[in-house]
Amino acid sequence: MDEGGGRAGLAAIEDLITSLLNRSSPNATNLPLPILSLVGPHGSDKSHLLRAADRALADKGIPHARLDFEANPDVTPRQVLAYLAFELNRRSRGYGRIVF
């Protein structure tokens, strides 16, 4: 992806995260949050965008997990679930610990 496209994609992800974190409707906090999954060809800045999302969520103390399947190509479904449960079970500022 060219440098301009990467910045535009990053801005779109940041806008999405900001809009989800700043929901102002009283009932909005009860709405489910999405699972963000980026797919695309090698070199299209998916990992870069997810690292930026990871930082933004961590800065806000939002529980989240990120798994790079390219870096872990042989991971089993059981390992994925264990990893996600472990990551989401971390104590987060303002949220405490998510109980499974």
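Colleague: How many helices and strands are there in the protein?

Modeller: The protein has three helices and zero strands, where helices are DSSP runs of H or I with at least four residues, strands are runs of E with at least two, and numbering starts from the N terminus. This is a predicted model, in which local features need pLDDT of at least 70 and side-chain atom pairs count only at pLDDT 80 or more, while totals for chains, interfaces and linings use all residues. Residues are numbered from 1 along each chain as its sequence is written, and side-chain values use heavy atoms, with hydrogens and water left out.

Colleague: How many salt bridges does the structure hold?

Modeller: The structure holds one salt bridge, meaning a side-chain nitrogen of Lys or Arg within 4 Å of a carboxyl oxygen of Asp or Glu. E87 pairs with R90 in a salt bridge, and their closest N and O atoms are 3.3 Å apart.

Colleague: Is E87 buried or exposed?

Modeller: E87 counts as buried because its relative accessibility is 15%; buried means under 20% relative accessible area, exposed over 50%, and partly exposed in between, with a 1.4 Å probe and protein chains only. R90, at 38%, is partly exposed.

Colleague: What share of the residues in the protein is buried?

Modeller: Of the 100 residues in the protein, 19% are buried.

Colleague: Turning to N72, where does it lie?

Modeller: N72 is in the loop between α2 (46-60) and α3 (77-88). Its relative accessibility is 34%, so N72 counts as partly exposed.
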